[in-house]
2 protein chains.
Amino acid sequence: MGQDDKRRRILDAAVTVFARSGFYTSKVADVAREAGVADGTIYLYFKNKEDLLIQVFMDTMERVLHRQDEALAGCVDPIEQLRRFITVHFEVAGSSPALAEVITVELRQSAKFMRATEMKPFGRYLGIIARIVAEGQEKGVFRRDIQPRFVARALFGMLDELALEWATSEQEQEMTDLRGQAVSVVLGGLLGTQEHSGQR
Amino acid sequence: MGQDDKRRRILDAAVTVFARSGFYTSKVADVAREAGVADGTIYLYFKNKEDLLIQVFMDTMERVLHRQDEALAGCVDPIEQLRRFITVHFEVAGSSPALAEVITVELRQSAKFMRATEMKPFGRYLGIIARIVAEGQEKGVFRRDIQPRFVARALFGMLDELALEWATSEQEQEMTDLRGQAVSVVLGGLLGTQEHSGQR
């Protein structure tokens, strides 16, 4: 087994263990047992339990950022871009309920204790949405009275909550169904008229 | 100091401590010190640290459910109902950044370990949104191709994320500004046409 394979296996084991027992009550030894390696082997690849969680996050973000870049490449229609973004988000979440749970639950708890530099990929992820919205506004496709950064955060919160519900439920609802409704509501909001904005 | 005052003071201290150090690394003794009571006093009111977190949640939910009921009483216009719901949500979150942080971060981590009965107030909260949407659909005000339960979860995720951002940031952005944009996007989505829904 190559070094990369072993690192990968340990990361996958960490996801399983964190999702099952929660990050704080999990032990590095539990991850080692799940991965079928000696405790000491973990420390060849990772500094400690916190580092394991950070690397799970970094690894997932790298994958999802790469997939978003691929999905959006060559697409210039802002509506289609948003549709693709939401699709990829749900595909990644749907590929592993345990991973979705670790990212949406355990990471949120730990995020405030992480250094800002470690959260940078999250900022890049929000940046993709904000850029799509800003371009759509420039092209006159989306209404202009909503801040792109607001839409990015609001859309992320929505997708994150839906992924969490999906991951922790019996998954009776189809991911594609959730995706269709999410696309529909978000586009409705961005294409909508400005008459209902704010206070009245 | 009456019994209710002391219980209240311990709950407020728990919010401060959990927001500062995180639920899992906090100790009951830290909460006692913050509240200015003996460790043993906490156990007159609460079973253990988990019970403290559950009671913070129950107490907050009771307050926010009561305020939502009051805000929505006598209001029959679904658009105005949604507007009021979002306003109250942000008012409660904005009244205490520490409380918003505990509810959005610490509780999410603990939710999967709580018994379903303890999460019931959350279901009631989602139920308020779902009912507003369903009534709006019956009245022909909101489009009918979106499930009320989906809107409830999506809207909650959005508000939760925005409250989290607000609570953990420098709070440079006005809560009222966030509120206006949230109302605008959500209503846009619910009032929007159906042509952009789902796959194409």
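Select chain A first: this chain of the predicted model has nine helices and zero strands, where helices (H or I, at least four residues) and strands (E, at least two) are DSSP runs numbered from the N terminus. Read along the sequence, the pattern is α-α-α-α-α-α-α-α-α. Of the 200 residues in chain A, 40% are buried, a residue being buried if 20 or more other C-beta atoms lie within 10 Å of its own, exposed if 12 or fewer, and partly exposed in between, with C-beta atoms placed from the backbone.

Residues are numbered from 1 along each chain as its sequence is written, and chains are lettered from A, with ligands numbered from 1, in the order in which they are written. In this predicted model, local features need pLDDT of at least 70 and side-chain atom pairs count only at pLDDT 80 or more, while totals for chains, interfaces and linings use all residues.

Next, select residues 148–168 in chain A, which form α8(A), together with α8(B). These two helices pack at an angle of about 125°, with their axes 7 Å apart; axes are lines fitted to C-alpha atoms, for helices over the stretch in contact, and angles run from 0 to 180 degrees between N-to-C directions. α8(A) and α8(B) are therefore oblique to each other, since angles under 35 degrees count as roughly parallel, over 145 as roughly antiparallel, 65 to 115 as roughly perpendicular and the rest as oblique. Among the residues of α8(A) that meet α8(B) are Phe156(A), Gly157(A) and Met158(A), and those on the α8(B) side include Phe156(B), Gly157(B) and Met158(B), contact requiring C-beta atoms, placed from the backbone, within 7 Å.

Now move to α7(B), residues 120–138, whose 19 residues reach 26 Å from first C-alpha to last, close to the 27 Å expected at 1.5 Å a residue, a span taken as 1.5 Å times one less than the number of residues. Colour Ile129(B), Ile132(B), Val133(B) and Gly136(B), which are buried. They lie on the same side of α7(B) because they cover an arc of only 90° around the axis, the arc being that of the directions from the helix axis to the C-beta atoms. What covers the buried residues of α7(B) includes α5 (78–95), α8 and α9 of chain B. Turn to the other side of α7(B) to find Lys120(B), Gly123(B), Arg124(B) and Glu138(B) exposed. After α7(B) comes Gly140(B), with a positive phi near 80°.

Finally, select Glu174(B), in the loop between α8 (148–168) and α9 (175–191) of chain B. Glu174(B) counts as exposed because it has 11 C-beta neighbours inside 10 Å.

Note on methods. Two residues are in contact if their C-beta atoms, placed from the backbone, lie within 7 Å.
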